[in-house]
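Subject: Structure handover

Hi,

Here is the structure I promised you. Please load it before reading on; my notes follow below.

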Protein chains: 4
Amino acid sequence: MTAHTAEALALAQSACAHMFEADVASRITMGMSLMHCAPGEAQLQMTVTSNHVNGLGLCHGGFIFTLADSAFAFACNSRNQASVASGCSIEFLEASVLGDVLTAQATEQLVRGRAGVYDIRVSNQEGATIALFRGKSTAIKGTVLPV
Amino acid sequence: MTAHTAEALALAQSACAHMFEADVASRITMGMSLMHCAPGEAQLQMTVTSNHVNGLGLCHGGFIFTLADSAFAFACNSRNQASVASGCSIEFLEASVLGDVLTAQATEQLVRGRAGVYDIRVSNQEGATIALFRGKSTAIKGTVLPV
Amino acid sequence: MTAHTAEALALAQSACAHMFEADVASRITMGMSLMHCAPGEAQLQMTVTSNHVNGLGLCHGGFIFTLADSAFAFACNSRNQASVASGCSIEFLEASVLGDVLTAQATEQLVRGRAGVYDIRVSNQEGATIALFRGKSTAIKGTVLPV
Amino acid sequence: MTAHTAEALALAQSACAHMFEADVASRITMGMSLMHCAPGEAQLQMTVTSNHVNGLGLCHGGFIFTLADSAFAFACNSRNQASVASGCSIEFLEASVLGDVLTAQATEQLVRGRAGVYDIRVSNQEGATIALFRGKSTAIKGTVLPV
């Protein structure tokens, strides 16, 4: 991880805490925990419960995507510049079952003007990568924190 | 939509009904309804509730993906050949808010050996396309319906 | 294919002819032919020659992408509004060999504000689909035809 | 870059040299140079000439993809296990003009069974990233070097 100024780090943590508090979808419906946030970085964790299971007895791929997408959202909003996802892709590498603890780690690849590219790796409690996600963001008007 | 034999249609409907019954993630956690199923096709619907909302007051993009991903899963399993997603991409075109009724329509583009490509269009109650999803499937051993 | 006004069709054909004339990469280096152009649509053809072959004796996947990408460019510029690609994805389904005649057919899926999504199917002389390409465009300032 | 055994490095260099020699598309038609090869890594370079220019006076996006796709191919074949691309995506970040010297650096993200995921960064002579490419490979029967 890159070195950040104390100020940039504090801003990232405030912005992410503010977003997470308001994010019912990630926090309550999915049961995610915010583990780490820094400028351009975020880490989220989620345990696979019976709510997450699909017809094949596996964690719904959409929820693995959702975990990665949330980590992407926290990372691309961590500089307090409001940003939204324009497009994403995911490669599913391994299935995930009830009780697995999934961690999504988002890393900024590039910011150019209003566009950003972020890579998110989702791994399980054994450290195995189960999915690789790439997201493209667009900065919009406004800030994350109230002015 | 393509013409199907009565037999193929009945098999698709049985396979989808069987999957949907077991799919807690789609049916209960997300609140989806299975509207239509035919060989290579599926349509699912979901109303955006307070459970789906993220920190920006919008439907979490991960749940729009999840709706599309479920339609993809039903379509690629509709011939009773068990199949899983290997990779997916999504373009987000418009935001979605509380109360919106989202419909995902999955269409088979191509099946070649064990691989398949499916396109899913997600639209809202006004008929506006809010996301375009493309999924790539791989057939695995087994059937959807118990033998 | 959609019905177009004679005026829109004539504009598309002028814009595409103008672009194709200037496009050394597609016309000379790759040897493509422009078969058809209409608003939101384009069809290009290319024969696989010894120039296109990679180390495995097959048409370089990059050139299959390039054929699809050119069809995408003609389709998204066919309304005389200058546009560029922001991102693309391709699924490779079948290899292509020396002498194959490849056709790329681009179809507009959606235009929303400055963004557009186009699907391109690449098939060979037997009608088999060898690749599926999806491109996202952004309109920029200016027109294709000189004012 | 990771540390490799001398043996693995020598094998990668032999496999890449063998592929590059046979790869008319990359070596002659596109004018690429093979700069570096190691297990799971490859670096290729290409100068934008008048052959690469499209109707907008810019390097054809398909050729930027082709450069990245070649780096991907060299990286995923560098262990002498024959592999092909199954799907790729690219984000175009900046245009490239006549005379630019483009470098594609491929890095292995993951190999799992027969599947691999590789990230390729394409930069220009000023070090600016002009495109980010992600490729998914599948191992097939056979080796790169003749047995």
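Start with the helix pair. Helix 3 of chain C and helix 3 of chain D are roughly antiparallel to each other. The reason is the angle: the two helices pack at about 160 degrees, and anything over 145 counts as roughly antiparallel. Their axes lie 8 Å apart. Each helix spans residues 61-76 of its chain. Helix 3 of chain C passes helix 3 of chain D in a right-handed crossing. Bear in mind that this is a predicted model.

Which residues of helix 3 of chain C meet helix 3 of chain D? They are C:G61, C:G62, C:F63, C:F65, C:T66, C:D69 and C:S70. Facing them in helix 3 of chain D are D:G61, D:G62, D:F63, D:F65, D:T66, D:D69 and D:S70. By class, this helix contact has 4 nonpolar, 8 polar and 2 charged residues.

Next, chains D and A. Their contact takes 12 residues from chain D and 13 residues from chain A. On the chain D side, the elements giving two or more residues are strand 3 (81-92), strand 4 (101-112) and strand 6 (129-143). Strand 6 of chain D gives the most, with 4 residues. That side of chain D has 4 nonpolar, 3 polar and 5 charged residues.

Best wishes

Technical notes: Residues are numbered from 1 along each chain as its sequence is written. Chains are lettered from A and ligands numbered from 1 in the order in which they are written. This is a predicted model: local features need pLDDT of at least 70, side-chain atom pairs count only at pLDDT 80 or more; totals for chains, interfaces and linings use all residues. Two residues are in contact if their C-beta atoms, placed from the backbone, lie within 7 Å. Ala, Val, Leu, Ile, Met, Phe, Trp, Tyr, Cys and Pro count as nonpolar, Asp, Glu, Lys and Arg as charged, and the others, Gly among them, as polar. Axes are lines fitted to C-alpha atoms, for helices over the stretch in contact, and angles run from 0 to 180 degrees between N-to-C directions. Angles under 35 degrees count as roughly parallel, over 145 as roughly antiparallel, 65 to 115 as roughly perpendicular and the rest as oblique. A crossing is left-handed if the near helix is turned anticlockwise from the far one by less than a right angle, and right-handed if clockwise.
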